[in-house]
Number of protein chains: 2
Amino acid sequence: MTWLGLDIGGANLKAALGAGWARSSPFQLWRDPDRLVEALRQLIEGAPPFNGFAVTMTGELCDCFTSKDEGVRYILSAVDALAGSKEVCVYLVDGRFVSPQQASELSLLAAASNWRALAQFACRWAEGRNAVLIDMGSTTTDIIPIVNGQVAAKGLTDTQRLGNRELCYSGVGRTPVCAVVQSVLWGGVDYPVAAELFATTADAYVVLGDIPEQARASWTADGRPLTRANSMQRLARQFCADSSELKDEHLQQIALAVRVAQLRQIEQGITNVIARMGAEPDLLLLSGAGEFLVRGAVQNRLGSCPVLTLSDKIGPVASACAPAYAVAILADEVGAAR
Amino acid sequence: MTWLGLDIGGANLKAALGAGWARSSPFQLWRDPDRLVEALRQLIEGAPPFNGFAVTMTGELCDCFTSKDEGVRYILSAVDALAGSKEVCVYLVDGRFVSPQQASELSLLAAASNWRALAQFACRWAEGRNAVLIDMGSTTTDIIPIVNGQVAAKGLTDTQRLGNRELCYSGVGRTPVCAVVQSVLWGGVDYPVAAELFATTADAYVVLGDIPEQARASWTADGRPLTRANSMQRLARQFCADSSELKDEHLQQIALAVRVAQLRQIEQGITNVIARMGAEPDLLLLSGAGEFLVRGAVQNRLGSCPVLTLSDKIGPVASACAPAYAVAILADEVGAAR
């Protein structure tokens with residue numbers, strides 16, 4: 001049995017096969033819930049043959065749904081429409097695979113399960129030791145303790161995980177700058193950030209050269225491409241200015257303030273999670289689009305701990321769709337034993 | 001000559017006549033710039049006769065425009081289409097009225113001018129004394145020093161005004177909760193707010209009973225009406241939860257955290273502005289939808305200072321469109337002297 005893993009998020013759709021084929025696509029689920037089935041069809045078009053779908057998700061939190069239960073059911077019905085006669089299994093945050101019917105009934109366990117799939121998958125590299133998995137994506141960062149080679153997360157739901165810092169709801173793409181930085185000092189004046197969704201963290205990282213431009217991105221704050229010029233304008237607008245009104249060095253300082261603030265958030269999260277593990281980790285496992293930033297955070301806090309990156313282990317293509325890849329592999333290994 | 005004042009914002013359109021007729025309407029300019037002329041036509045439909053338009057704006061900052069200059073020109077061309085053969089005058093942040101042609105050339109002086117119109121208008125109640133005008137709206141708060149009965153603002157542009165705290169980019173309606181509050185403590189756990197635009201400050205104030213429900217509001221974070229039930233769900237979602245997962249008292253604590261944080265912001269802004277005035281104010285002038293909150297802030301900081309509200313002076317209808325009313329009156333008084 002060959003499973004195609006699906007990771008259905010609110011801002012991105014990801015699909016992967018254990019053999020290595022993988023694809024991701026930005027999709028603003030909260031704007032276009034009606035288009036989900038069509039978007040999933042486009043996503044898996046041209047995939048090598050497979051027998052069934054293994055599903056993990058986070059998109060149920062989108063506010064096009066009146067509740068997470070409604071969101072889980074909606075996403076499962078979209079997968080049902082996609083799957084036709086193919087089998088579907090759904091991964092729960094407690095590590096079980098269940099049928100879509102059972103997952104609908106256990107919707108709060110099917111909600112926000114992708115971190116758990118990735119962590120369970122990543123345990124193989126811990127080889128019985130203690131490790132921390134840090135997966136920083138466009139929107140959120142998961143910091144998952146692994147103790148004696150087993151997932152040792154203290155929280156199951158995202159709310160619990162926010163509370164214990166295993167979930168840091170901050171990422172290197174879509175995170176509003178106004179939620180990360182309160183004010184930026186330049187030219188001797190401390191300027192508060194306008195409380196408005198004018199720019200996101202990706203704008204800072206493009207200006208700093210940490211991530212490449214994306215000429216076709218439309219998920220930015222103003223819907224314009226992720227280019228250096230547009231990012232500078234978006235960052236300037238956070239201070240009610242046009243980029244032409246600010247000096248280049250001041251725009252750099254704004255971007256740097258975002259990086260410093262996110263580094264601190266991640267460092268603080270790692271510190272909290274390790275403090276509860278009761279032992280130093282033997283290994284750090286990094287993944288996601290924010291790996292470049294997490295690397296800085298762990299160097300500051302845990303400079304001597306060995307670091308493994310998921311892209312080194314499974315390659316950059318599968319790594320970019322890591323939870324989808326993980327759930328495909330787990331379904332092979334675990335799901336088949338149902 | 002009778003002028004109709006227009007205040008063209010990014011989220012609200014306001015129109016008023018000096019004789020007292022006034023109307024405001026939510027309009028998300030950044031989503032629908034093509035509909036601006038039509039929306040303005042609907043806004044002024046049924047207004048008593050008048051001869052010309054007096055214009056003030058803030059909508060040029062919307063990110064549907066690539067720059068503030070483009071925004072000012074776009075808004076002025078919409079007014080031109082609306083006005084037909086009627087005269088148009090535009091208020092600048094330096095207090096002058098100019099023609100649309102001149103305003104286009106001086107676009108950075110025509111940008112974000114509505115605070116200045118309101119402050120200049122409000123000076124009449126200071127009667128030569130020192131005062132502070134605090135106008136808290138749905139999105140921003142202006143804190144304007146008046147010295148010896150004259151506008152004594154130290155900043156002209158919104159960027160300068162952010163820097164010196166005369167502009168606090170935070171309001172009681174549309175402000176993202178994630179930009180106001182970093183975390184909320186309940187049940188013995190400190191929960192960080194998800195960095196996502198799931199709820200706005202209005203949700204907190206509806207839950208607290210500070211502002212009424214609005215059954216037809218669509219400017220909320222998820223586009224659903226501003227009802228207590230929807231607001232509770234939106235606030236819960238800021239912590240990745242459904243409202244049914246949280247206790248009522250915890251939702252109250254979330255809402256209270258928003259109020260406390262905004263109170264502090266406003267208090268800090270008032271403190272900074274007064275510190276630079278060099279003298280205690282003899283009078284506080286309050287206006288805007290956030291008057292209820294500002295009242296609390298000034299009681300904390302300046303309990304013994306006399307308070308005047310704009311709605312007491314010009315009535316609640318005109319007060320709800322205060323900058324439009326102000327620019328209509330000023331055009332009569334000042335504009336006629338051009």
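Colleague: Let's start with helix 2 of chain A: which strands does it lie across, and at about what angle does it run to strand 4 of chain A?
Modeller: This is a predicted model, and in it helix 2 of chain A spans residues 68-83. That helix lies across strand 1 (3-8), strand 4 (52-57) and strand 5 of chain A. Its angle to strand 4 of chain A is about 160°.

Colleague: And helix 13 of chain A, at about what angle does that one run to strand 1 of chain A?
Modeller: Helix 13 covers residues 322-333 of chain A. It lies across strand 1, strand 2 (12-17), strand 4, strand 5 and strand 6 of chain A. Relative to strand 1 of chain A, helix 13 runs at about 140°.

Colleague: What are the edge strands of the open sheet of 6 strands in chain A?
Modeller: The order in that sheet is 3-2-1-4-5-6, with mixed pairing. An edge strand here pairs on one side only. That gives strand 3 (22-26) and strand 6 (97-98) of chain A.

Colleague: In strand 6 of chain A, which residue is the bridge partner of Val90(A)?
Modeller: Strand 5 (residues 87-91) and strand 6 of chain A run antiparallel, and 2 bridges join them. In strand 6 of chain A, Val90(A) has as its bridge partner Val98(A).

Colleague: Now the two chains: how much area is buried between chain B and chain A?
Modeller: In contact terms, 45 residues of chain B meet 45 residues of chain A. On the chain B side, Asp63(B), Tyr169(B) and Cys240(B) lose the most area to chain A, together 17% of what that side buries. Carbon and sulfur atoms give 54% of the buried area between the chains, which is about 3800 Å².

Colleague: How many nonpolar residues are on the side of chain B that touches chain A?
Modeller: Across this interface there are 28 residue pairs in polar contact. The elements giving two or more residues to the chain B side include helix 2 (68-83) and helix 9 (228-237) of chain B. By class, that side has 9 polar and 13 charged residues, while the nonpolar count is 23.

Colleague: Which residue of chain B forms a salt bridge with Glu196(A), and why does the pair join two chains?
Modeller: There are 6 salt bridges between chain B and chain A, including Arg165(B) with Asp190(A) at 3.2 Å between the closest N and O atoms. For Glu196(A), the closest N and O atoms are 2.6 Å apart from those of its partner in chain B. Glu196(A) sits in the loop between strand 12 (189-192) and helix 8 (201-207) of chain A, and its partner in the loop between strand 10 (167-168) and helix 7 of chain B, so the pair joins two chains. That partner is Arg174(B).

Methods: Residues numbered from 1 in each chain as written. Chains lettered and ligands numbered in written order. Predicted model: local features only at pLDDT ≥ 70, side-chain atom pairs only at ≥ 80, totals over all residues. Heavy atoms only, no water. Contact = heavy atoms within 4.5 Å. Buried area = accessible area lost by both parts, 1.4 Å probe. Salt bridge = Lys/Arg side-chain N within 4 Å of Asp/Glu carboxyl O. Polar contact = N/O pair within 3.5 Å; in protein donor to acceptor, adjacent residues only side chain to side chain. Helix = DSSP H or I, 4+ residues; strand = E, 2+ residues; numbered from the N terminus. Nonpolar A, V, L, I, M, F, W, Y, C, P; charged D, E, K, R; others polar. Pairing = 2+ DSSP bridges. Axes fitted to C-alpha atoms, helices over the stretch in contact; angles between N-to-C directions.
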